[in-house]
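Here are my notes on the model you asked me to look over. Have the sequence and the 3D view open as you go through the points.

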Amino acid sequence: MKFNKWTVGLAAVGLVSLASAAKAEEKANMVQTALSSTTISGYVDTSAQWNFGTGNENLPPYKFGGSSKADGFNLNVVQLRVERALDESEWAAGYRVDLWAGPDANTLNTWSTLADGTADFAIRQAYVALRTPVGNGIDWKVGVFDSVLGYESVESPNNPNFTRSYGHSIEPQTHTGVLGTYQFSDLIRASAGVANTYGPWINDRAWDTKAESYKTYMGSLALTAPDEFGFLAGSTLYAGIVNGFSSGLQENATSYYVGATLATPVTGLRLGGALDVLDVHHEGGETWSVAGYASFQATEKLSFHGRAEYLKDRATSRSWVWTPTRFWASLPRPSMTCGKTFSAVSNCAGITPSVATKRSGPTSSAIPIVRTPGCWRATSFTSSKLPPQSNPFHVRGRGFFYAHSHPKRRWRFLYRKNKIRPTRSKILIHRIPAKSFLQGTCDINKKWHRICYCAEPDVFETVSMMAKN
Amino acid sequence: MKMNPWTTALVGAGLVSLPAMAIAEESHNAVLTALSATTLSGYVDTSAQWNLGSGNGFTPNYVYSNGKADGFNLNVVKLVVERPVAESDAWGAGYKVDLWAGPDANVIGTRSVLADGAGDFAVKQAYVALRAPVGNGLNFKVGTWDTIVGYEVSDAPSNPNFTRSYGYSIEPVAHTGVLASYEFCSAFSASVGVANTFGPSINERAFPTKAESYKTYIGALTLTAPEDWGFLAGSTLSGGVCNGLGSGGVQTHWYVGAVLNTPVEKLKVGAAYDYSGISEQDLGGPIEASYANAIAGYASFALTEKMTLFGRGEYTTSDQPLFGATKVFAATATLQYDLWANVLSRLEFRWDHAADGSKPYGDPGETKGNSYILLANIAYKF
């Protein structure tokens, strides 16, 4: 066991017992798990990126890109996977937990409806895997799982190119629900599932008043060419659909996907294609993307991967992208128009701040903000500020939160304590970027008000609520 | 190396090079650590919940209920890394780290005073375990540890019912400090501790000007019926108290609970009483006295080797509508069936009733005096 000199010195004069250190083994030892077959795996993903030309303000808005990655060295993400895969038994059970740490964890957007920030941490997947012995066996995922659509994976190291395609950028990503998969034969496999929403927020709910019955449905079908198909053997054709409520879009959406991978007669050359369509209901325009892929294995260790893609978005703009040699035409930033009217909606469960509840935060300052399905809120105001003011919380992109000022519920205790009876509350923005805005006021005598906001898509804006006497 | 079928297909077609994955070993390998006997365990806890009746704006707000209505839920993923103290080691030492990830991690409230948000992650416990060879052995926990009072625990898979009781909802959760436990004999054990605050925030301090001297004190006793008590053998009676600065003032919590075996072999019963109160005090401003208490009865009956029925009835009162009403009655029935190995699978029905005549539930608006919940809970324990 190695000790530094100072520790050895302390031990020599008897000031440090080093009981545990003295007993520590010289060699590394295995971690014991309660169950066999539990595995730990993952990856560390880094990059260095140069965006040619000075300035990086307006960049192609593909997923996991943006100005924060431009012109510098990047840690993208660290993935830690703990899992026990299904074995071959009839009533097999297992689990998978994929944890992300790092900048991309914030972009993954799987934070739960109770989280008030991402802090470089996210749950990518967390599900219980089950098998029921029906036919060839139906495999289930219960919990949070990756979407069934898409050519590319959320995991960058699994993709042919590092940067993500626009098709991947408009696909659903993560769902909370149940997914069943059935392998009819070596050639055909199908999946079907039901989830809360289009995703990706964990435990999100559809439409505030319809969550009980309104769910998201998904299905996919995969065909694999058999060995007798000659050079096409192993080629795949995949199609899928996801339909449900998107909290990010604040509208129902349907995503369609068709993709294929093709082996060719040329040794080392593989081709692929993908079509993604995003249909946002009750909105004009169209959003779709088509991409072609080619891969050539030059040597055992050297391979080339190319991707060309075309995107048409709802703003009727077009973008050509060729990776790795890239050309791109105008693709405007997402519209900064909120486009939604807001009104008072009383549909959020109350939290009563109390001296006796476990939900309470630290005593004096750090008042937690709690976001219930489609709902941001401060659980209480801090007592150290007059007039009472909530801790700041963060918004990003387009969306809404709820402001609540019911005097008989959550803020009652504080108001009584400080003899304050504010008559109105208002929403403040601490930092106002050029293209961000926030709408709405909250009357103390009413209940929940939905507050729309439009902020930069890649930057968290700070907001707090203040009671006005 | 395991890959999902789609990734496998991409690899098969050569469109994904996966150089790193291709090099990865095919066989599973053990993780190496600096110390032997380190173990990794935990669980993945999921549920699907239906609050009967349209709308879920106002639901019973027992702890961990928020945001769970009418949908599928990931509750929490727990990872435990620990090295238990060896029984044979007089000066034994070990540690335990409980990490929570997922929605419930935002609710447990153990984030430190330096954190600026919850972010779906929490340190539930993190302590060094030590043993001193005094008498039968004095065990210490130094760091952040679960509270020692209460019938139910933070880990849902360890509770007889999935939804938490109101008694649990008013109990302390976790403390940062030192806890000492001593087993006088197999029938009598005790724990005492000192911590920064009532909790659960890590590294929290009591009044800034008194933090040096003002701490939270906690103690508990457990009596276990000896073998010669007939059918009662193994039954336990526990009591505990915690006093310190909580989120709204100096708070005292009392707990007493019992688990009893019965002459019917497969039937066990239990009971718990919790009281939490704040006296009138001045903390830079007047704080009015307030209280909440809850009483609960538990029963479990093993129907078959794999099927067990759990029941809970409870009643809570408080001077403020802490749980939507000042008086709430609730009944919970849970059917657990162990269908898959290592998987906890159960169905639960819960009824909450506002016994003070108010109507704290419903949507839109508070229009109902009763709430009915039907849920399924699946958790994998590893």
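1. Two strands count as paired if DSSP finds at least two bridges between them. Helices (H or I, at least four residues) and strands (E, at least two) are DSSP runs, numbered from the N terminus. This is a predicted model, so local features need pLDDT of at least 70 and side-chain atom pairs count only at pLDDT 80 or more, while totals for chains, interfaces and linings use all residues. Residues are numbered from 1 along each chain as its sequence is written, and chains are lettered from A and ligands numbered from 1 in the order in which they are written.

2. The scores are ipTM 0.85 and pTM 0.77. pLDDT is the predictor's confidence in each residue, from 0 to 100. Chain B has a mean pLDDT of 88, with 88% of its residues at 70 or more. Two stretches of chain B need care: pLDDT stays under 50 over residues 1–5 and also over residues 14–28. Contact here means that the C-beta atoms of two residues, placed from the backbone, lie within 7 Å. Beyond four places in sequence, the model has eight contacts for residues 1–5 of chain B and 28 for residues 14–28 of chain B. Where pLDDT is low, the predicted coordinates should not be read in detail.

3. The overall make-up. Chain A has five helices and 25 strands, and chain B has four helices and 19 strands. A residue is called buried if 20 or more other C-beta atoms lie within 10 Å of its own, exposed if 12 or fewer, and partly exposed in between, with C-beta atoms placed from the backbone. On that count, 42% of the 469 residues in chain A are buried, and for chain B the figure is 47% of 382. Take the contacts in chain A between residues at least 6 apart in sequence: 58% of them join residues at least 24 apart.

4. The core. A nonpolar core is a set of buried Ala, Val, Leu, Ile, Met, Phe, Trp, Tyr and Cys residues joined through C-beta atoms within 7 Å. Which residues have the most contacts inside the largest one? They are A:Tyr127, A:Val128, B:Val44 and B:Tyr380, in a core of 110 residues. Strand 6 of chain A (residues 121–132) gives the most to this core, with eight residues. Beyond its neighbours within four places in sequence, A:Tyr127 touches a list of residues that includes A:Tyr95, A:Val142, A:Phe145 and, from the other chain, B:Val44. In soluble globular proteins, nonpolar side chains tend to be buried together.

5. A closer look at A:Gly180. This glycine is in strand 8 of chain A (residues 174–183). Is A:Gly180 buried or partly exposed? A:Gly180 is partly exposed, because 18 other C-beta atoms lie within 10 Å. Setting aside neighbours within four places, its contacts include A:Ile138, A:Trp140 and A:Ala192.

6. Strands in chain B. Strand 3 (residues 71–83) and strand 4 (residues 93–101) run antiparallel, joined by seven bridges, and B:Arg83 is bridged to B:Tyr95. Strand 4 pairs in the antiparallel sense with strand 5 (residues 121–132) over nine bridges, where B:Lys96 stands opposite B:Tyr127.

7. Backbone spots to check. Most residues other than glycine have a negative phi, and most peptide bonds are trans. The bond from A:Gly199 to A:Pro200 is cis, with omega near 5°, and B:Gly199 and B:Pro200 are also joined by a cis bond, with omega about 5°. B:Asn203 has a positive phi near 65°, and B:Asn342 has one of about 70°. B:Asn342 is partly exposed, because 17 other C-beta atoms lie within 10 Å.
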